[in-house]
Amino acid sequence: MKASTTLFWVINILFLIGLFGAGSLVITEFTTGDGCPKFGAVPACLIILICFILPFISHLLKKWNLIYFLFTGIAALIALVASVMQFIGNAECPKTDSGIPMCYISLLIFTSLIILKKIQLQYHNSK
């Protein structure tokens with residue numbers, strides 16, 4: 001299997017993990033009103049979900065790389081700020097069942113998506 005194809009599928013798996021996690025938070029938010037922090041009236045998990053959906057579509061269609069990097073970058077920045085605030089105790093991110101703040105996981109996933117896509121594009125352009 002070519003490296004480009006492997007990267008494509010690894011990125012898909014990361015997106016599916018992120019969509020499942022953010023989607024479950026959005027469902028919790030809309031059913032209980034207490035699933036995630038809010039930016040004004042907008043739940044942060046909804047913003048993150050959108051930041052998973054649009055780049056995933058871009059990735060699957062293999063076009064609109066600007067959309068991919070714009071939305072993964074916005075989400076990575078949100079996750080970075082939330083992670084720092086969580087770490088210093090100024091905010092509380094939703095946690096997994098094992099107690100890991102989801103903002104840490106989100107930061108890891110979005111950073112990985114950005115790096116892997118950059119590698120995939122460099123590999124594709126070097127052919």
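Met85 counts as partly exposed because its relative accessibility is 33%; the term covers values between buried, under 20% relative accessible area, and exposed, over 50%, with a 1.4 Å probe and protein chains only. The model is predicted: local features need pLDDT of at least 70 and side-chain atom pairs count only at pLDDT 80 or more, while totals for chains, interfaces and linings use all residues. Residues are numbered from 1 along each chain as its sequence is written, and side-chain values use heavy atoms, with hydrogens and water left out.

Met85 is placed in helix H3. Helices are DSSP runs (H or I, at least four residues), and strands are DSSP runs too (E, at least two); both are numbered from the N terminus. Leaving aside residues up to four places away in sequence, Met85 touches Asn90 and Ala91, where contact means heavy atoms within 4.5 Å. Met85 and Cys103 are separated by 18 residues in sequence, and their C-alpha atoms are 9.9 Å apart in space.

## Helix H3

Helix H3 covers residues 65-88. How far apart are the end C-alpha atoms of H3? They are 34 Å apart, which agrees with the 34 Å that its 24 residues should span at 1.5 Å a residue. The expected span is 1.5 Å times one less than the number of residues in the helix.

The buried residues of H3 are Tyr68, Phe71, Thr72, Ala75, Ala76, Ala79, Ser83 and Gln86. Leu80, also found in helix H3, is partly exposed, with a relative accessible area of 42%. After H3 comes Gly89, which has a positive phi near 90 degrees.

## The nonpolar patch

Which residues make the nonpolar surface patch of about 910 Å²? They are Leu77, Leu80, Val81, Val84, Met85, Phe87, Ile88, Ile100, Tyr104 and Ile105. H3 gives the largest share of the patch, seven residues, and H3 and H4 each supply at least two.

Patches are made of residues with over 30% relative accessible area and no salt bridge; nonpolar side chains (Val, Leu, Ile, Met, Phe, Trp, Tyr) are joined within 5 Å, and like charges within 9 Å. Accessible areas come from the Shrake-Rupley method with a 1.4 Å probe, and for residues only the protein chains shown count as cover. A salt bridge is a side-chain nitrogen of Lys or Arg within 4 Å of a carboxyl oxygen of Asp or Glu.

## The loop between H2 and H3

Lys62 is placed in the loop between helix H2 (44-61) and helix H3 (65-88). Its phi is near 60 degrees, a positive value in a residue other than glycine. Lys62 counts as exposed because its relative accessibility is 64%.

Trp64 lies in the loop between H2 and H3. Trp64 is not a glycine, yet its phi is positive, about 60 degrees. Is Trp64 buried or partly exposed? At 47% relative accessibility, Trp64 counts as partly exposed.

## Gln120 in helix H4

Gln120 lies in helix H4, which consists of residues 102-125. Gln120 is buried, as its relative accessible area is 8%. With residues up to four places away in sequence not counted, Gln120 touches Ser4, Leu7, Phe8, Ile11 and His59.

## Cysteines

A disulfide is a covalent bond between the sulfur atoms of two cysteines. It is taken here as a pair of cysteine sulfur atoms within 2.5 Å. How many disulfides does a search of the whole structure find? It finds two. Cys36 and Cys45 form a disulfide with their sulfur atoms 2.1 Å apart. The link of Cys36 and Cys45 is left-handed, with -50 degrees about the S-S bond, and both cysteines are buried.

Another disulfide joins Cys93 to Cys103, with an S to S distance of 2.2 Å. This pair links distant parts of the chain, 10 residues apart: Cys93 is in the loop between H3 and H4, and Cys103 is in helix H4. The link of Cys93 and Cys103 is right-handed, with 100 degrees about the S-S bond, and both Cys93 and Cys103 are buried. With bonded cysteines counted along the chain, the disulfides follow the pattern 1-2, 3-4. Cys51 is in no disulfide, and the nearest cysteine sulfur, that of Cys45, is 12 Å away. Cys51 counts as buried because its relative accessibility is 2%.
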